[in-house]
Amino acid sequence: MSGDKVKVAIVGSTGYGGVELIRFLLGHPEVEIVSVISASSAGSPISDGFPHLTDIVVQPLDGVDAEQIAAKADVVFTATPSGVSAKLVPDLLQAGLKVIDLSGDFRLKDGAVYEEWYKHEAPEDNLLKQAVYGLCEINGDEVTRSSGLISNPGCYPTATLLGLIPALSAGWIDPQSIIIDAKSGVSGAGRGTSLMTHYGEINENLKVYKINKHQHIPEIEQSLSAVAGEQVTVTFTTHLVPMTRGIMSTMYASLKGEYTEADLVELYQQYYEGRKFVRVREAGKWPATKEVLGSNYCDIGFAVDPRTKRVTIVSVIDNVVKGAAGQAIQNLNIMMGWDETTGLNLSPVYP
Ligand SMILES: NC(=O)C1=CN([C@@H]2O[C@H](COP(=O)(O)OP(=O)(O)OC[C@H]3O[C@@H](n4cnc5c(N)ncnc54)[C@H](OP(=O)(O)O)[C@@H]3O)[C@@H](O)[C@H]2O)C=CC1
Ligand SMILES: CC(=O)N[C@@H](CCC(=O)OP(=O)(O)O)C(=O)O
């Protein structure tokens, strides 16, 4: 890498993940955005589709060409749909770029499992092996300067895994008892229009979707199994709620001892000590999505029911930030050896 600032490009800059990358990267002191890229609108200013970027991003959108991107940039974020990233990333790596991919294409280590859940042809095995799964607070130490391809975790898995892993790794919960009830705002589905997120369909409505079929199930199970040292299966149900941003993952598991809420708070505070972006609520207090809106925080709270000996863990994130663009920048920071919070120190937007 050369020059003072690291030069970054964004493929998929005209999507929700892409414009959020732009918002944070514009304020990042170590980074210069050298190319914003679109497959469908190359040559136009991004403000044509996103007037909020008028006079802020003035360079026209570039087309998708790996060699041209590599001629300008050191690192490229691919905020592109699953299936698209799988085809694009090999060329970007071949051109000598470091890649941080926001899609689900490189998160699963087993190509057959990917094909079963994503219904696309899997990327080559060597790329799946090479990709580092960048769930920063859990395995950020695997992200290094020599990482070529970082696979940014999914939005639901980020909220869910940050909520479950400390208790699972301490052996406090039964790995086979986990039920996850998750809810997302509509921006999780991207900018494309669909009946699912159409105003008349989602306003004043609550929808359950992809029961037992969600593509994040194998991603969650892959990480939980690695921590538990056994194959873990979960019940995972997703809901769409009439709000723009935010994920709440409410998780239930059987406790393996007489642990109290105060014990859990202490365990989680110790586990996440020094990690700014995970905030543990004191006993009896639970987070709400608005308390992390527009920020890279993940807030976690607990309730223990002594009658059922089950714990309820509530974890909230902003899906577009900690669930996508924010965590992708956190991964860039870790990869470059910068403080992981660089460029991400925005407080949540409230109200
Ligand atoms: N939204 C969210 O909360 C989260 C999203 N993700 C993942 O991040 C990725 C981006 O999501 P999101 O921004 O919401 O999606 P959007 O649908 O909002 O945007 C997708 C972008 O990909 C671009 N694109 C589509 N086809 C191609 C192609 N063939 N070549 C290059 N670019 C293409 C589109 O723009 P154009 O046509 O202009 O090129 C568009 O900018 C997805 O994989 C998604 O699953 C992950 C976690 C959370
Ligand atoms: C609300 C909503 O529709 N959310 C999307 C999140 C998908 C996503 O982010 O996709 P990958 O992580 O698989 O790339 C969904 O549930 O499919």
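How many bridges join strand β12 to strand β13, and in which sense do the two strands run? In this predicted model, strand β12 (residues 298-305) and strand β13 (residues 310-317) run antiparallel and are joined by 8 bridges, with Ile300 standing opposite Ser315 of β13. Both strands belong to an open sheet of 7 strands, in which the pairing is mixed and the order is β8-β9-β7-β10-β13-β12-β11. Because β8 (207-209) and β11 (278-280) each have a single partner strand, they stand at the edges of this sheet, and one side of each is left without a neighbour in it. On average, and with direction ignored, neighbouring strands of the sheet are turned by 20° against each other.

Together with helix α1 (residues 16-25), β1 and β2 make a right-handed β-α-β unit.

The "active site" annotation in the unreviewed UniProt entry covers Cys155, a residue found in helix α7 (residues 155-169). Cys155 counts as buried because it has 28 C-beta neighbours inside 10 Å, the cut-off for this class being 20 or more. When residues up to four places away in sequence are not counted, Cys155 touches Ser184, Gly188, Ile247, Asn319, Gly323 and Ala324.

Technical notes: Residues numbered from 1 in each chain as written. Chains lettered and ligands numbered in written order. Predicted model: local features only at pLDDT ≥ 70, side-chain atom pairs only at ≥ 80, totals over all residues. Pairing = 2+ DSSP bridges. Helix = DSSP H or I, 4+ residues; strand = E, 2+ residues; numbered from the N terminus. Axes fitted to C-alpha atoms, helices over the stretch in contact; angles between N-to-C directions. UniProt positions renumbered as here; feature names shortened; annotations may be inferred. Buried ≥ 20, exposed ≤ 12 C-beta atoms within 10 Å, placed from the backbone. Contact = placed C-beta atoms within 7 Å. Right-handed = clockwise from strand over helix to strand, strands pointing away.
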